[in-house]
Amino acid sequence: MNLLRFTPAFRDEVWPALDQAARDRLERYWSDLLRYNRAQNLISRRDPEGQLASMMEECLRAGRVLTACGLGGGRWADVGSGAGIPGLVLAAAHPDQDLVLIERRQGRCDFLRREVAALELVRVQVLESDVRELELEPFDVVLAKAVANPGEIEGLCRHVVGRLLVVFGRASDEVA
């Protein structure tokens with residue numbers, strides 16, 4: 001994992017605040033994701049290290065805010081988990097957090113299951129399903145990144161959100 005791909009503020013503040021086990025899990029996830037990306041196209045192949053660094057930084061900062069606001073310890077879900085961003089990143093940093101990764105594509109679920117096992121994330125469950133078809137108790141925190149246009153995500157996830165919906169955007173997203 002090349003920390004030079006991250007911002008100086010991340011290298012100086014966020015990374016050192018993580019315990020060694022969390023850093024080890026994140027470094028393993030980084031390596032695995034880049035390796036599997038060659039075959040599965042989990043993230044863009046255009047500057048994958050730069051994109052992954054940016055996304056991981058965003059996720060870890062969001063995790064700090066969520067826990068500082070007292071939302072840690074509840075039930076969290078990552079809708080449209082894909083490559084595990086933000087879900088696996090947050091689980092790697094907060095392994096005591098109950099988290100469900102919801103993904104409808106089998107190949108992505110296979111990757112997620114391998115990572116959950118490799119990172120020894122015993123509080124993380126992978127659920128192969130379309131969020132629109134789920135009938136579950138609402139989650140305290142629902143995370144969504146690139147699952148739909150930001151203007152559509154609230155409607156897509158409304159029935160599984162108990163307290164807070166956190167939408168991670170992309171530069172190309174437009175809110176309708």
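This is a predicted model: local features need pLDDT of at least 70, side-chain atom pairs count only at pLDDT 80 or more; totals for chains, interfaces and linings use all residues.
Let me start with strand 4, residues 139–145, which pairs with strand 5 in the parallel sense over six bridges, where two strands are said to pair if DSSP finds at least two bridges between them. Helices and strands here are DSSP runs numbered from the N terminus, a helix being H or I with at least four residues and a strand being E with at least two. Within this pairing, the bridge partner of Ala144 is Val167 in strand 5.

Two helices pack on the sheet at this side of the talk's topic. Helix 3 touches strand 1 (75–79), strand 4 and strand 5, and its direction makes about 150 degrees with that of strand 5. Helix 6, residues 150–157, also packs on the sheet and touches strand 1, strand 4 and strand 5, with a direction at about 155 degrees to that of strand 5. For these angles, axes are lines fitted to C-alpha atoms, for helices over the stretch in contact, and the angles run from 0 to 180 degrees between N-to-C directions; contact itself means heavy atoms within 4.5 Å.

Residues are numbered from 1 along each chain as its sequence is written, and side-chain values use heavy atoms, with hydrogens and water left out.

In what order do the five strands of the open sheet lie? The order is 3-2-1-4-5, and the pairing is parallel. The edge strands, each pairing on one side only, are strand 3 (124–128) and strand 5 (161–168). On average, and with direction ignored, neighbouring strands of this sheet are turned by 20 degrees against each other.

Moving inward, strand 1 is mostly covered, since four of its five residues are buried, buried meaning under 20% relative accessible area, exposed over 50%, and partly exposed in between, with a 1.4 Å probe and protein chains only. Strand 1 runs parallel to strand 4, joined to it by four bridges, and there the bridge partner of Val79 is Ala144 in strand 4. Strand 1 also pairs with strand 2 in the parallel sense, over five bridges, with Asp78 standing opposite Leu101 in strand 2.

Is Glu103 buried or exposed? Its relative accessibility is 1%, so Glu103 counts as buried. Glu103 stands opposite Glu128 in strand 3, and the side chain of Glu103 reaches the backbone nitrogen of Ser81 at 3.4 Å. That is a polar contact, a pair of N or O atoms within 3.5 Å in which, within protein, one must be able to donate a hydrogen and the other to accept it, residues adjacent in sequence counting only if both atoms are side-chain atoms. Leaving aside neighbours within four places in sequence, the contacts of Glu103 include Gly80, Gly82, Arg108 and Leu112.

Let me turn to helix 2, residues 20–40. At 1.5 Å a residue, its 21 residues should span 30 Å, and its end C-alpha atoms are 29 Å apart, which agrees; the expected span is 1.5 Å times one less than the number of residues. At the start of helix 2, a side-chain oxygen of Asp19 reaches to within 3.1 Å of the backbone nitrogen of Ala21, and after the helix comes Asn41, whose phi is positive, near 50 degrees. The buried residues of helix 2, among them Leu26, Tyr29, Trp30 and Leu33, pack against helix 1 (8–17), helix 3 (48–68), helix 4 (87–93) and helix 5 (106–118). Asp32 in helix 2 is buried too, with a relative accessible area of 3%, and apart from neighbours within four places in sequence it is in contact with Phe111, Glu115 and Ala118.
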